[in-house]
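Me: Please examine the structure shown below with me, one question at a time.

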Amino acid sequence: MTEAPVIAFFPEASFGSALNCVGIAQQLQRSGAVPVFICHPGFTGVFAEYGFKEYHLTQGAATSQQTEETWQSFVTTHLEHFDLDPKAQLTTYVAPTWEAIVDTAIQAEDGLQRLLKRIQPDGIVLDNVIMFPAIANAGVPWIRVVSCAETELPDVNVPPYLSGLTASDPACAPFHEEYLRATAAAHRRYNSFRKKRGLPAVEDGLFLETSPYLNLLLSPSAVRYDRANPLPDDLFVFLEGCVREEARFDTPPLPVNDGPLVYVSFGSLGAIDTDLISRMISVFSAIPARFFVNVGGFLEYYTKVPDNVYLGSWFPQPSIVEQADLFIHHGGNNSFCEALYFGVPSLVMPYCWDGHDNAARAAETAAGIHMNRSKWDDAELSTAMTKLFSDQEMHARLAAISSRMKSDLGTEKAADHIMRVLRPAS
Amino acid sequence: MPRTRSNTRRNHLLLARQIIEVALEKGMSAGDHLPEKVFSEACGVSRTPIRSALKILEEKEIVTRREEEGFFLVVGPEQGLAEQPSRIGEVEDSLAARILSDRAERRIGDVQSVSAFVRRYSAPRSAVLNALKILTSEGVVAQLPGRTWAFQPMLDTPNAIGESLDFRLMLEPQAILAPGFSMDSQKVGLVRQKMQDFLDRPNGRMSSAGFLKLDCDFHAFIAESSGNRFVRGALLAHQRLRQTTQKDMALPEYRLRQSLEEHLDILDSLERMQLDLAADQMVLHLRRSQIRRPKAANRGIMPLGRGALR
């Protein structure tokens with residue numbers, strides 16, 4: 001291979017995964033590779049705005065009206081499930097979500113196969129929670145990126161995936177059994193699909209195998225688990241964070257412009273819960289701090305915004321987290337890692353999935369506070385924030401974590417290892 | 001007649017700033033005479049408004065009046081004359097700016113009474129009325145019967161920005177294609193230079209707010225060069241509204257650079273008088289700007305486009 005290698009990124013349709021890949025792709029571009037993105041229909045243009053060529057999976061027969069109806073139904077069904085504990089979410093939210101993920105993998109397969117033939121990449125970077133057989137069968141090295149919490153890769157010393165537990169909790173084993181039961185139907189269906197596409201079955205509870213080439217984990221050392229069976233160094237590389245480059249965000253002055261800066265974002269999914277965010281904004285109005293709140297596409301729901309609060313439908317997150325004194329988020333792995341990277345305390349209020357795991361880990365490693373997303377009163381929310389503003393010990397610890405992460409840039413490390421896979425030393 | 005009074009006052013404030021700029025250009029110093037005739041010619045207005053503007057400068061102690069002799073400069077360049085224009089009218093302007101910013105940030109409702117403004121800003125009624133008149137001239141508020149004021153649509157939400165782009169896509173290519181398109185050659189150079197300076201910034205030094213200003217200036221320049229007076233008027237008013245109320249310009253740096261390069265390409269075509277090509281390039285540029293991030297995304301479900309789930 002003498003020409004610049006073409007590397008096809010295929011992130012799942014979530015902002016965390018998509019933007020994590022952007023960070024790595026920016027670095028690969030500087031290393032002389034040609035990163036391109038395979039993207040889901042709704043993400044058209046997102047990667048092009050960062051300067052990458054996009055290839056689009058076809059949407060099938062779904063119209064925008066049908067997508068709208070699906071989302072209405074999703075919100076109606078699941079908004080209340082976000083208030084359940086992780087175990088109760090297994091049957092109400094996790095199982096149907098795995099069914100839907102398996103559906104998307106089956107639906108995408110033929111289109112993905114065609115796209116890969118067209119792109120003819122030298123390597124594929126898959127940042128997803130499920131394997132697409134077209135990738136494993138493409139005949140080129142594929143790299144797995146685990147941009148969810150480290151819990152996605154099981155170990156005796158690691159709490160079960162999506163449990164929000166600590167490893168020593170006796171509830172771990174029953175949770176894992178319940179997880180296997182809840183996901184069994186989707187898992188059977190998925191293994192049957194894999195068989196048809198010539199792939200071996202994956203173990204119970206797993207939907208994605210280890211890459212035989214390279215596996216990158218977005219898991220800073222400060223929150224990493226001490227595994228009973230360490231992951232082999234030749235196949236697994238831990239990254240300290242994959243912070244992408246963004247345009248600078250100049251915080252606008254607010255009518256009441258005093259106090260620490262708090263950034264609040266629950267991701268695009270969390271932004272759907274406008275009632276909860278309105279309730280939080282009402283608490284913010286009485287706290288001597290400045291709040292920048294990402295309300296996603298729902299700006300029009302809000303009126304009478306308090307003088308110390310600024311709402312936006314999108315923030316260049318790395319830029320504003322860097323300026324923040326506190327980051328209130330849903331425990332998305334990208335958000336949690338960005339908070340650590342910039343040494344900012346986290347108030348984690350998880351909705352679902354690995355948000356529970358990161359919330360628990362933030363509390364366990366004293367990188368923040370874990371709080372139920374809706375079961376709080378005004379005083380409790382206010383007290384948690386005040387504690388995070390003033391906890392000097394935590395600030396010092398986070399400053400050290402930040403310094404370490406910045407000295408070992410995850411994007412550079414990821415790009416370097418990917419290039420080594422594609423251009424092994426002779 | 002509050003409307004007339006406030007508009008006149010505003011014009012005089014603008015003229016007062018202009019007088020300072022002319023004095024600076026002419027290299028005047030403290031103690032120099034300010035002949036009304038000279039300034040009336042330089043500013044292209046009669047001597048009456050010049051006299052009113054000089055009186056404002058007298059109130060601010062920037063000039064002094066001597067009986068039978070006229071006005072004389074008190075503050076020269078050495079005493080900070082160049083900084084004075086920003087001081088003039090800052091009370092009126094800053095209140096208008098605060099109202100505008102509060103509205104764009106959804107702090108105040110669609111319809112407001114003057115009393116509510118007086119209470120919110122602890123400002124005299126006259127200052128509130130002046131600020132509202134300024135905002136009226138920007139097309140941001142309109143007076144309703146009685147003492148209430150209604151805010152006009154702004155570019156304050158992703159849906160509004162989407163509609164703004166649709167509107168511009170209809171008109172901006174036509175602004176170029178309408179007979180009589182003509183650019184001020186000196187101004188082309190200035191617009192081009194500003195964009196080039198921004199492009200020359202290193203990575204990480206481009207701000208979205210800085211880009212928005214340049215973007216509005218460029219599109220307003222295209223509008224004012226149009227040969228169709230109605231297209232020109234509608235687009236200029238819209239660019240003013242964008243400049244004052246648009247939020248959500250948080251674009252990746254790559255797109256900011258790409259967008260500025262598209263502006264420069266359009267200017268290249270316009271300078272070569274390839275108007276058809278420039279209009280097509282404008283379509284491409286605006287269509288690229290129309291790309292919106294999905295409104296919501298989650299595993300196993302098709303991402304939701306903007307504008308849905310209202």
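Me: How far apart do the C-alpha centres of domain 1 of chain A and domain 2 of chain A lie?

Reply: This is a predicted model, in which local features need pLDDT of at least 70, side-chain atom pairs count only at pLDDT 80 or more, and totals for chains, interfaces and linings use all residues. Residues are numbered from 1 along each chain as its sequence is written, and chains are lettered from A and ligands numbered from 1 in the order in which they are written. Chain A is divided into domain 1 (6-241 + 409-422) and domain 2 (261-406), with bounds from an automatic or database domain assignment. The distance between the C-alpha centres of these two domains is 25 Å.

Me: Which element gives the largest share of the side of domain 1 of chain A that touches domain 2 of chain A?

Reply: Here 28 residues of domain 1 of chain A are in contact with 29 residues of domain 2 of chain A, contact being C-beta atoms, placed from the backbone, within 7 Å. Helices (H or I, at least four residues) and strands (E, at least two) are DSSP runs, numbered from the N terminus. Two or more residues of the domain 1 side come from each of helix H1 (15-30) and helix H3 (86-119) of chain A. The largest share, four residues, comes from H1(A).

Me: How are H1(A) and H13(A) oriented to each other?

Reply: Axes are lines fitted to C-alpha atoms, for helices over the stretch in contact, and angles run from 0 to 180 degrees between N-to-C directions. The axes of H1(A) and helix H13 (residues 410-422) of chain A come within 8 Å and cross at roughly 60°. Angles under 35 degrees count as roughly parallel, over 145 as roughly antiparallel, 65 to 115 as roughly perpendicular and the rest as oblique. The two helices, H1(A) and H13(A), are therefore oblique.

Me: How many residues does H2(A) give to the side of chain A that touches chain B?

Reply: The contact takes 53 residues from chain A and 41 residues from chain B. On the chain A side, the elements that give two or more residues are helix H2 (64-78), H3, helix H6 (267-270) and strand S10 (309-312) of chain A. H2(A) gives the most, and its contribution is seven residues.

Me: Which residue in S3(B) stands opposite B:Leu34?

Reply: Chain B has an open sheet of three strands in the order S1-S3-S2, with antiparallel pairing; two strands pair if DSSP finds at least two bridges between them. Its edge strands are S1 (33-34) and S2 (63-66) of chain B, each pairing on one side only. S1(B) is joined to strand S3 (residues 70-73) of chain B by two bridges, in the antiparallel sense. Opposite B:Leu34 stands B:Phe71.

Me: At what angle to S2(B) does helix H3 of chain B run?

Reply: Helix H3 of chain B covers residues 47-59. This helix lies across S1, S2 and S3 of chain B, and its angle to S2(B) is about 110°.

Me: What is the orientation of H10(B) to H11(B)?

Reply: Helix H10 (residues 208-224) and helix H11 (residues 229-245) of chain B have axes that come within 8 Å and cross at roughly 170°. That makes the orientation of H10(B) to H11(B) roughly antiparallel.

Definitions and conventions:
Two residues are in contact if their C-beta atoms, placed from the backbone, lie within 7 Å.
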